[in-house]
Every structure is written in structure tokens, then in C-alpha cells.
Amino acid sequence: MKGTAGEVFVDDGGTGQGTPVVFVHSACGDTRQWAAQLQLVRKQRRAVALDLRGHGQSTLTSDADFTVEDFSQDVATVVDGLGLSRVVLVGHSLGGAVCVAYAAAHPERVAGLFLLDPASDGREVPKEAAEGMMAALDTDGWTQVIEQYWGTLLEPSTPQVREQVLGQLRRTQRGAVKAAMGSLLKFDPVTALKRYPGPALSVITPLNQTPGAYHVLVPSLPSKLVTGTGHWVQLDAPEQVNTLLDGFLATVP
């Protein structure tokens with residue numbers, strides 16, 4: 001599917017009467033991180049996963065800096081291209097921010113917002129740390145820098161999950177990684193969340209209990225804590241995530 005910054009890969013399947021669900025992955029991830037959730041949801045309704053620009057099987061035709069709102073255009077491309085009038089959005093990490101941005105711009109088209117350990121407010125990152133990370137992404141050793149950071153988020157994960165996540169990171173082009181990380185440093189989740197009045201739930205890990213977490217910045221955002229997993233909750237605890245997602249979908253009109 002042709003998007004605003006290249007071809008957008010879409011994994012589309014499932015049928016049913018329920019509102020379709022659109023899944024958006026993390027930075028340096030792809031649609032395969034949602035395999036267990038797609039299998040669950042497609043038993044009852046249509047479920048769509050997309051690869052963000054420059055990730056997975058999607059292309060990136062520009063090295064320009066992008067905003068989270070730009071990434072949300074990939075969601076718009078898919079939703080409009082498939083003729084979906086209203087959807088439930090499910091987003092992990094960067095994908096959570098992207099879903100929030102889309103919901104803020106198109107609240108009437110979002111029936112529910114399910115966030116999975118969404119990225120914290122990047123504007124809370126100290127300036128020196130932010131500049132250091134972005135500078136590192138311009139060096140030949142950029143993958144080692146991101147792998148080191150990802151490693152802290154994967155500490156509780158199984159070797160299989162670590163291998164999958166790090167493998168996807170290594171296959172993501174640098175321009176897409178830089179665009180993803182840089183966009184989060186500028187995104188205002190508070191204003192965006194306040195523009196979306198519909199049902200929402202943020203499922204968090206202990207890693208997300210910080211002052212910049214969405215549910216902390218916007219206390220009206222419901223949250224549920226999952227323990228014993230790394231940041232990629234849907235891979236570490238697929239059954240637990242499926243139960244929470246199933247429960248949320250049951251409340252969405």
C-alpha cells in the first residue's frame with residue numbers, strides 16, 4: 001500500500017461483526033510482534049497490523065526527520081486504504097504514541113485506544129542525554145548503542161524474545177531508527193490524549209512507572225500494571241495481554 005514516505009506493509013485478516021482492530025508495533029519492530037494477538041482477535045473480528053515506515057517490510061524513501069504525527073500518517077494510509085470507518089487502535093511503545101497521535105487527529109474514527117507500555121514523554125529526557133543518543137545514531141556503532149539500551153528493557157525476557165527483538169532491530173534501517181527515536185523526543189502526548197475522549201487503557205510494566213509515563217501525566221487515563229515481563233509484553237506474556245485485550249474489546253461499542 002502506497003504511503004506518504006514509501007510502501008506500507010499490511011497484514012490483514014479475520015472477519016466478524018466487531019469493530020476492526022489495528023495494531024502498531026514499537027520502534028525497530030514489525031507486525032510479527034503481534035502474532036499471538038492477531039490469532040486471538042481474528043477469531044471474532046477483522047484485525048490489521050502494519051509495518052511503520054522503514055520498519056519490517058515497509059520502505060522509507062526519505063532520510064528526513066519525522067514527527068510522531070508523521071508516523072501516524074502510516075496508520076491513516078492503512079485505515080483509509082482499507083476503507084475502515086472506525087477502528088480500535090492497539091499500540092506498543094512508539095506504536096502507542098503513534099496511536100495516540102492518530103486518535104487526537106481523528107477521534108471520531110477511534111472506538112478504543114489500547115496502549116501497551118507506551119513510550120514515555122520524550123520531552124522529559126535530559127537535553128544532554130537526548131542529544132547524545134541522537135548523535136550516536138549518526139555513527140557506525142549506532143546498532144551497539146541501541147542494543148545496549150534495548151538490553152535494559154529486555155532483562156526479564158526469555159532468550160527467544162531477546163533474539164527476536166534484537167534481530168528486528170538489526171534489520172531496521174538507520175534512517176527509520178533515527179526518525180523513530182527523534183520523533184519521540186518532540187511528541188506531546190498530554191495534549192494529544194486530551195483530544196481523544198473515547199475508551200482507553202494503558203497496560204504498563206514497572207519500566208513505565210516514571211514521571212513521564214502517560215498515565216501519570218494524564219491521571220484520567222486508566223492503567224493496569226503487568227509484572228514479571230520486559231518491555232515487549234505481548235511477546236513475554238501473550239496470554240496475559242490477550243486476556244486484557246479481550247476484556248477491553250468487550251467494552252468497546
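In this predicted model, the lining of the largest pocket comprises 16 nonpolar, eight polar and three charged residues, where Ala, Val, Leu, Ile, Met, Phe, Trp, Tyr, Cys and Pro count as nonpolar, Asp, Glu, Lys and Arg as charged, and the others, Gly among them, as polar. Local features need pLDDT of at least 70 and side-chain atom pairs pLDDT 80 or more, while totals for chains, interfaces and linings use all residues. Residues are numbered from 1 along each chain, and side-chain values use heavy atoms, without hydrogens and water.

A pocket here is an open set of points on a 1 Å grid over the protein atoms alone, where a 1.4 Å probe fits, with protein on both sides within 12 Å along at least five of seven lines, and lining residues have an atom within 4 Å of a point. The largest pocket holds about 530 Å³ of space, the volume being that filled by probe spheres set on the points, which are joined across faces, edges and corners. Of its 27 lining residues, Ala-119, Ser-120, Tyr-149, Met-181 and Leu-184 lie nearest the centre.

Trp-150 is in contact (heavy atoms within 4.5 Å) with Met-181 and Trp-232, among others beyond four places in sequence.

The two nonpolar cores tabulated below are sets of buried Ala, Val, Leu, Ile, Met, Phe, Trp, Tyr and Cys residues joined through side-chain atoms within 4.5 Å, buried meaning under 20% relative accessible area with a 1.4 Å probe, protein chains only.

| Core | Size | Residues included |
|---|---|---|
| Largest | 65 residues | Val-22, Leu-89, Leu-113, Trp-150 |
| Second, separate | 23 residues | Leu-38, Phe-114, Leu-201, Val-226 |

Note on methods. Buried means under 20% relative accessible area, exposed over 50%, partly exposed in between (1.4 Å probe, protein chains only).
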